[in-house]
Amino acid sequence: MQRKSVRTDVLDVAYEEHGPPDGAPVILLHGFPYDVRAYDEVAPALAADGNRVLVPYLRGYGPTRFLSPDTLRSGEQAALGHDLHQLMKALRIERAALAGYDWGGRAACIVSALWPARVRCLVSCTGYNLQNIAASVEPAPAAAEHRLWYQYYFNTERGRAGLTKDRRDVCRLLWKLWSPEWTFDEAAFERTASSFDNPDFVDVVIQSYRHRYGYTKGDPMLEPLEAELAKQPAIAVPTINLHGAADGVGPASDRDGQSEKFTGGYERRMLPRIGHNVPQEAPAETVAALRDLMKETPE
């Protein structure tokens, strides 16, 4: 594994690279509040198959930095998709297999929906991860609203202050609530938590959770992209949805109603006892899903 970085239009993106430089590209994307350590057992296995595996730190995490102090520290969905697209351009990757969950799954879904020619196949944990911001004002059942307490918290100045004061405390609790059957120790948490010390972490997180409900404006540069995402475009690349059956924030329903959003082939695989952090909790299943898709799709 090599630690590298590359400049895009607005970021200096840090990433870890595994495998031969001429291998078939695979990009693995982490979510909130996690980092590249989620793929420590996934990336080496895929690299051993001869793939070139890239695991980037998202904006606001780890060593990734904004190039300009004037760039809005946005965590909106368009920013995540834009960053992935720009990363592929900067590294001259024409086409890649993508996998992601939470924020990273959103980025992967966006690139798959809007630039399908750049995507060989997709593993998206929980499925269709594009936000429907226009519909965000509609209330959900009380049990679902209860699970979103942290989003309401972040929409208050008290929440910003709480995340600023002790981001580890907030994020450790989310790990426990979202993956109730996953036993992790403090050392494992701290290996990831150091990424939350990024100077832009709080601003990016707060803006993300406020923008998704329409409570703050996004980056003006990204308005055209947000307009495309508002149309809720379908995803036309072969996709496997890995859904943890014990996901504490996004429980899997008995009936999967997402197939209509995937027009290039779609399969949902339920993972018993697995929570929200799928690649770290179920690395073998993550590797298997990518291998199965790559067998069926040309480079």
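So, the cavity lining: strand β2 (11–18) and helix α2 (77–90) each put at least two residues into the lining of the largest cavity. The biggest share comes from α2, with 4 residues. Keep in mind that this is a predicted model, so treat everything I say as computed.

Around it you'll find Leu-11, Val-13, Leu-29, Pro-56, Tyr-57, Leu-58, Arg-59, Leu-80, Asp-83, Leu-84, Leu-87 and Ala-107. By class, that lining splits into 10 nonpolar residues, no polar ones and 2 charged.

Okay, on to the open space. As a reminder, rolling a probe the size of a water molecule over the atoms shows where empty space is left. The largest pocket holds about 1,300 Å³. It has 38 lining residues, and the ones nearest its centre are Arg-106, Leu-148, Gln-151, Arg-212 and Tyr-213. Which helices each supply at least two residues of that lining? They are α3 (102–114), α4 (142–147) and α5 (149–154). The class breakdown for the pocket is 19 nonpolar, 13 polar and 6 charged.

Next up, rings. A pair of aromatic rings is described by the distance of the centres and the angle of the planes. Across the whole structure, the search turns up 29 aromatic pairs. Take Phe-32 and Trp-103: the ring centres sit 5.7 Å apart with the planes at 20 degrees, and since stacked means under 30 degrees, this pair is stacked. What parts of the chain does the pair link? Distant ones: Phe-32 is in the loop between β3 (25–29) and α1 (43–48), while Trp-103 is in helix α3, 71 residues apart. Phe-32 is buried, at a relative accessible area of 0%, and Trp-103 counts as buried too, at 1%.

Now compare Trp-182 and Phe-184. Their ring centres are 5.0 Å apart, but the planes make 45 degrees, so that pair is tilted. Both of those residues are buried.

Let's look at helix α7, residues 167–178. It has 12 residues and spans 16 Å from first C-alpha to last, close to the 16 Å expected at 1.5 Å a residue. Which of its residues are buried? Arg-167, Arg-168, Val-170, Cys-171, Arg-172, Leu-174, Trp-175 and Trp-178. The buried residues of α7 pack against α3, α5, α6 (157–165), α8 (186–193) and α9 (201–211).

Speaking of α9, that's where Arg-210 sits. Buried or exposed? Arg-210 has 14% relative accessibility, and the cut-off for buried is under 20%, so Arg-210 counts as buried. Leaving out residues up to four places away in sequence, Arg-210 touches Phe-154, Asn-155, Thr-156, Glu-157, Arg-160, Tyr-215 and Thr-216.

Last stop, Leu-229, in helix α10 (residues 223–229). Leu-229 is buried, with a relative accessible area of 0%. Setting aside neighbours within four places in sequence, Leu-229 is in contact with Gln-77, Ala-78, Ile-110, Leu-114 and Leu-130. If you want a distance to check in your viewer, Leu-229 and Phe-196 are 33 residues apart in sequence and 28 Å apart in space, C-alpha to C-alpha.

That's me done, over to you.

Conventions. Residues numbered from 1 in each chain as written. Predicted model: local features only at pLDDT ≥ 70, side-chain atom pairs only at ≥ 80, totals over all residues. Heavy atoms only, no water. 1 Å grid on protein atoms, 1.4 Å probe; cavity = no way out; pocket = protein on both sides within 12 Å on 5 of 7 lines; lining within 4 Å. Points joined across faces, edges and corners; volume = space filled by probe spheres on them. Nonpolar A, V, L, I, M, F, W, Y, C, P; charged D, E, K, R; others polar. Phe/Tyr/Trp six-rings, centres within 6.5 Å; stacked < 30°, edge-to-face > 60°. Buried < 20%, exposed > 50% of the residue type's maximum accessible area, 1.4 Å probe, protein only. Expected span 1.5 Å × (residues − 1). Contact = heavy atoms within 4.5 Å.
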